[in-house]
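The sequence and the structure are shown first.

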Amino acid sequence: MDDVAWMREALVEARRAGEAGEVPVGAVVARDGEVIGRGGNRRESAGDPLAHAELLALGQAARATEGWRLTGTTLYVTLEPCAMCAGALVNARVDRLVYGAADPKAGFCGSLGDLVRDPRLNHRLEVTAGVLEEECGALLREFFRSLRGGPEDVLSSSTTER
């Protein structure tokens, strides 16, 4: 599968999260042509500030591989990871990150900062941004529009509430 097909898998997780009343962000971890971890935001339902889609997908992948080192993997996520999730990607030794929509207010993989490619760290990721960007962004905009009853563009004002 290519990046677009894998991002469509992440969008499935994002839609599930949105249907559950969560901010619709989804992630999948792939290795050798198969998904080894999936996650959609669960902060509200779990009452857990760590229940971001990326962290849930990484945790599932670690359990599937019986180890914390996720070398040889790619994480596909519908929204640019925040600093917490970017740090987890580095610490898990993920090789590659592919994300859909940029997050100029909280993204730490190129927008607000670039933790995953910081040369001072012991591991860096290859990053591909903007895969199915419009579809990923539209899902978030529609979610927030339905909550707020307005047409504001949340990707430029507040996607940090994930």
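In helix 5, the buried residues are Cys136, Gly137, Leu140, Arg141, Phe143 and Phe144, where buried means under 20% relative accessible area, exposed over 50%, and partly exposed in between (1.4 Å probe, protein chains only). These residues cover an arc of only 160 degrees around the axis, which puts them on the same side of helix 5; the arc is that of the directions from the helix axis to the C-beta atoms. This is a predicted model, in which local features need pLDDT of at least 70, side-chain atom pairs count only at pLDDT 80 or more, and totals for chains, interfaces and linings use all residues. Residues are numbered from 1 along each chain as its sequence is written, and side-chain values use heavy atoms, with hydrogens and water left out.

**Helix 5**

- Helices (H or I, at least four residues) and strands (E, at least two) are DSSP runs, numbered from the N terminus.
- On the other side of helix 5, Glu134 and Ser146 are exposed.
- Helix 5 has 16 residues, and its first and last C-alpha atoms are 22 Å apart, close to the 22 Å expected at 1.5 Å a residue; the expected span is 1.5 Å times one less than the number of residues.
- Gly149, which follows helix 5, has a positive phi near 70 degrees.

- The axes of helix 1 and helix 5 come within 11 Å and cross at roughly 5 degrees; axes are lines fitted to C-alpha atoms, for helices over the stretch in contact, and angles run from 0 to 180 degrees between N-to-C directions.
- Helix 1 is therefore roughly parallel to helix 5, given that angles under 35 degrees count as roughly parallel, over 145 as roughly antiparallel, 65 to 115 as roughly perpendicular and the rest as oblique.
- At this pairing, Met7, Arg8, Leu11, Ala14, Arg15 and Gly18 of helix 1 meet Glu135, Cys136, Leu139 and Phe143 of helix 5.
- Gly21 follows helix 1 and has a positive phi, near 85 degrees.

**Helix 3**

- Helix 3 has 13 residues and reaches 18 Å from its first C-alpha to its last, close to the 18 Å expected at 1.5 Å a residue.
- Ala53, Glu54, Ala57, Leu58 and Ala61 are the buried residues of helix 3.
- Seen down the axis, they fall within an arc of 125 degrees, so they line one face of helix 3.
- These buried residues pack against strand 1, strand 2, strand 3 and helix 4.

**Cysteines**

- A disulfide is taken as a pair of cysteine sulfur atoms within 2.5 Å, and by this rule the count comes to 0 disulfides.
- The cysteine sulfur closest to that of Cys85 belongs to Cys82 and is 3.8 Å away, too far for a bond.
- Cys85 is buried, at a relative accessible area of 0%.
- Cys136 is in no disulfide, since the nearest cysteine sulfur, that of Cys109, is 14 Å away.
- With 1% relative accessibility, Cys136 also counts as buried.

- Most residues other than glycine have a negative phi.
- Glu66 is not a glycine, yet its phi is positive, about 55 degrees.
- Glu66 is found in the loop between helix 3 (53–65) and strand 3, and it is exposed, with a relative accessible area of 76%.
- Arg93, likewise not a glycine, has a positive phi of about 65 degrees and lies in the loop between helix 4 (83–91) and strand 4.

- Leu75 lies in strand 3 and counts as buried at 0% relative accessibility.
- Leaving aside neighbours within four places in sequence, Leu75 is in contact with residues including Ala57, Leu58, Leu89 and Val98.
- Lys105 is placed in the loop between strand 4 and strand 5 and is partly exposed, at 47% relative accessibility.
- Lys105 and Cys82 are 23 residues apart in sequence, and their C-alpha atoms are 9.1 Å apart in space.

Note on methods:
Contact = heavy atoms within 4.5 Å.
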